[in-house]
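Keep the structure open beside you as you read.

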Amino acid sequence: MLRFCFGASGAGKSTGLIEEIIKRSFNNTGNDFLLIVPDQFTMQTQKDVVRMHPSHAIMNIDVLSFGRLSHRVLEETSKSSFSVLDDVGKSLVLRRVADILGDRLPVIGGNMHKPGYIDEVKSTISEFMQYGIGDEALAILEEKSSSKAALNSKIKDLRLLYGEFLRYIQGKFITTEETLDILCKAIPKSPLLKDSVIVFDGFTGFTPIQYRVIKELLRVSKEVCVSLTIGPNENPYAGSFEEQELFMLTKKTVRDLEKIEYELCKEAGAISQGSLDFEAWRNIRNDEMSKKASGGDIFIRDEKVMRLKNNPPLAFLEQNLFRYNSCKYSKEQDSIQIFETQTTEEEVRRTMMKIRSLVRDEGYAYRDIAVVCGGLSSYGNLVKRAARKFDIPVYIDQNTGLLLNPFIEYITSAINIVISGYRYEDVFHYMRSGMTDFSKEDTDILENYVRALGIKGRKQWEDRFMRRMPTKFKRKKGKEDDTSELELIEKLDGMRAAISAELKPLFDAKGGTAAEITEALFKMIEGNDCSTKLERYKEKFEKFGDREKAKEYDQVYKKVSDILKQIAALIGDDKLELKEYKDILNVGFGDIEVGTIPQDVDRVIVGDIERTRLREIKALFFMGVNDGLIPANTGGGGILSDMDRQFLLDLDTGVELAPTPRQQMYIQRLYLYMNLTKPTDRLVLSYSELGTDGKSVRPAYLISKIESLYEGIEVERPEDAPFEEQVSCVNDSLDNLAEMMREYSLGILGDKEKTELSTLYEIVGKKYEEKSLLDKLTEAAFKHYEDKPLAKNIALALYGANLENSVSRLEKFASCCYSHFLRYGMGLSERKEYDFASADLGNVFHEVLEKYTSEIINRNISWKDLSKEESDEILNRALTESVDAYGETILLSNARNEFMVERIKRILIRTVDTLKYQISKGSFEPAYVEMDFREAGKIEEIDITLSEDEKRGIVESMKLHGRIDRVDLYEDSDHVYVKVIDFKSGGKKTESCIVILRPSASARYVYERSDRRKQENL
């Protein structure tokens, strides 16, 4: 028998049904009474039954969800010996099936490797299963959608993928959705369900597969009762209804359930074939059940619902929200409040202040208060931070993803190392994952070492480290922890050996089957003792009181292990490239979520309007009532788009899909109605002017709807409240105190604000008696930037009394003093990389030309008599020496750099040919190369004497140093002519200039050096 219990939100449907079940359970001790509720309701409903039961025990009453009902019945009937494919396994199979089908999926196949796309496909496949859509139904959709090519192609691909997916798992696994199909087959054999009384409470509707379960329950049970929310003035038996009606979902559910009962009556022979159609039977049935004094449909038609009978403003909201009337509440009220803030952070802060005020001033318990958000993903972390500041216990009702957990990072980076062949980023991501035994300092040293020496690839990482540490990375002597170079290299080689040993199983499994790769990963994980390390993390977070993180680290090892085992079970015999295996694994990791249950009895529940189920709350805070969040934007980029769904709905194919975005928007109104009527005392709605991205946002339509119902209701702006109302908690006041102290130090604080500052300073001082916090705040507030040079002693310690500057250093100082300080004062420089950049090209050119010119000068070879063959021989020798010695042999490290050597050689051959030609046509002869300024000794043009004011600053003198690439000389009987040449390898244009030198000390130096060289040659 099918019964209904109808009533408005808060009318007492659940309470009345529980009382009836308890009473009947005493009178019928041999019968079982099952109360089936949504998953989130099971614990609370069990508490309610125990609390209301005279014996304070459940006895022959059981509280279950659809999932728990399946588990109980399948276990009872010995049909639970099958493996359930969860969302993670579903993603893995879909990915593999798509790869097998390949080009046969022209629309979907090419996108399956894109991030997030497989989740969309999985969601669509799950929808097909939940709504009982098989191949025949998809064939109908494919045929009917032929006029729309893009949609038709998507349905073809989905049909093929869905069919192949089912064939792939046949005999191995069943999906979560299919457990209800198996439950349907097991229900007739269940002693638990035979002649039982079953009550469905807390549901707004059912999916087709759930309807099939209810149909089987109606066959075997004594009675099935379903509670549904509907206003007292509405007709739940209405034959027709519009999708925009508030209680449309209730009326549709009643009609669907009555159709099931009608079919069962026909099967049982209670209705002879053709005697009554559904509408006629339905009218008779509803007339009878609505008039029965007992055992019929229950109607709770109180003018004011039980929950809100003592709160007229909220009762008025329940009666008129989303109704098509012009009623207004004209009395003064404070049960419903609205406030706005500038930012979401301030909105959350103000909500916490109001919660704290209710608990402190009005005697509320935290469990009497709940918070729902328009967008929990945006508000969740903000609420956590604010709640810690205000010392308010909260429970965030959402699952947490584990994609960034150190254990998962450790596994993915290890696989990346094998794929890339020890790429720097992958190796040090692995070492810094938090799951290895290397310290941060040792990891930094190893990174400097391998980057400077260009160590990459499996061969180099599996060979011993023998080369010396580059000079700039050696530890400075004199430190207590000073380590000799040999010991350091041995230590680094030990780290290398440990890494290569850990990764060896994974390297050996490369190119193998999925099962072999999985086994290698387990060896690596067990060899590194990851379970013990995760246990230590868990204990650490428990010690700090972070139970959510502790729960995450407690579960992650098992969840990852389950995914690896699923891969081995599902696709273990398939040969996979390691990159493909990684992609499949990442899909699984992306689906891992950790759910928690409230750890405290007295806590504020924070959730959203659809998932969270609230009971027995006095105050409800509704944050994020902004356009775009209320109603939520449910449309978007699914496989079947909003337009596709609407098109299929308009075709009237008889195939039921999930609600379209338009339908979902109307359904959300029912959830809003049910949530806004939950509190018994007060409802507070809030919104912000700016979104989390800093852009302007509008309040949702709900705000104007509430304003139209209540005369005189005003939108508060608590940010404009007096100072006294801004101070609620000492921890929260620290930011305000710091800002006021800063304004005081700048002299811009008014007299009234100074008094407020003094009061706040005293309050905080009483809280933090040790004064260290206030001292730090005071010091920071009065600290201002002063443009003053370094102290003389510091400057002397950094730079010395006599500066030796190059022109490039002076240019650095002129462009940025701070950059000069970091480079030449602190001695900082960028990490040395084993790389050959464009700047290195010029260095090689200079070095080769220096060696080439020096050899010709030293051997007294005449430039005009130098043959082409001898010139090329000298150049080749200079180039070979330079290449062999440059940058730890980087120019010989790979084919690309070897090609660069050939290029350098070609350029240099043309260069020296040009130089030879220029010299042969003139009278000058090259005399010196790489001539250093300092070789000239102390002369005025190089050693710059500073003024008295400059001497009183930092230094006593400044000496310029640098090198001249080449100096050419020409001598006659009376003069020495000097030509200075600077080699340029870049494309930057420079202007030629002629400088006439007076016969000064610098010229005398060049002449004297030239004369000495001639005497030596003689």
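## Helix pairs

Please keep in mind that this is a predicted model.

| Helix pair | Angle | Distance between axes |
|---|---|---|
| H28 (730-745) and H30 (772-781) | about 40° | 9 Å |
| H7 (149-169) and H24 (642-651) | about 90° | 11 Å |
| H15 (406-420) and H16 (424-431) | about 155° | 8 Å |

Let us begin with H28 and H30, which pack at an angle of about 40°. Angles of 65 to 115 degrees would count as roughly perpendicular and those under 35 as roughly parallel, and H28 and H30 are therefore oblique to each other. Their crossing is right-handed. On the H28 side, the contact is made by Leu734, Leu737, Ala738, Met741, Arg742 and Ser745. Helix H30 brings Leu773, Leu774, Leu777, Thr778, Ala780 and Ala781 to this contact. Sorted by class, the contact of H28 with H30 has 9 nonpolar, 2 polar and 1 charged residues.

Next come H7 and H24, with an angle of about 90° and axes 11 Å apart. An angle from 65 to 115 degrees counts as roughly perpendicular, so H7 and H24 are roughly perpendicular to each other. Here Leu151, Lys154 and Ile155 of H7 meet Asp644, Phe647 and Leu648 of H24. The classes in the contact of H7 with H24 are 4 nonpolar, no polar and 2 charged residues.

Because an angle over 145 degrees counts as roughly antiparallel, H15 is roughly antiparallel to H16. The crossing of H15 and H16 is left-handed. The contact of H15 with H16 has 5 nonpolar, 4 polar and 2 charged residues.

## Cavities

Rolling a probe the size of a water molecule over the atoms shows where empty space is left. How many cavities of 30 Å³ or more are there? The count comes to 2.

The largest cavity holds about 40 Å³ of space. Its lining consists of Phe6, Gly7, Ile230, Gly231, Pro232, Glu234, Pro236, Phe299, Ile300 and Arg301. Strand S1 (2-7) and strand S8 (298-300) each supply at least two residues of this lining. By class, the lining of the largest cavity has 6 nonpolar, 2 polar and 2 charged residues.

About 30 Å³ of space lies in the second largest cavity. Around this cavity you will find Glu245, Leu246, Met248, Leu249, Tyr666, Ile667 and Leu670. Helix H10 (248-268) and helix H25 (661-676) each supply at least two of the lining residues. Which helix gives the most to the lining of the second largest cavity? That is H25, with 3 residues. By class, the lining of the second largest cavity has 6 nonpolar, no polar and 1 charged residues.

Conventions: Residues numbered from 1 in each chain as written. Predicted model: local features only at pLDDT ≥ 70, side-chain atom pairs only at ≥ 80, totals over all residues. Heavy atoms only, no water. Axes fitted to C-alpha atoms, helices over the stretch in contact; angles between N-to-C directions. Helix = DSSP H or I, 4+ residues; strand = E, 2+ residues; numbered from the N terminus. Left-handed = near helix turned anticlockwise from the far one by under 90°. Contact = heavy atoms within 4.5 Å. Nonpolar A, V, L, I, M, F, W, Y, C, P; charged D, E, K, R; others polar. 1 Å grid on protein atoms, 1.4 Å probe; cavity = no way out; pocket = protein on both sides within 12 Å on 5 of 7 lines; lining within 4 Å. Points joined across faces, edges and corners; volume = space filled by probe spheres on them.
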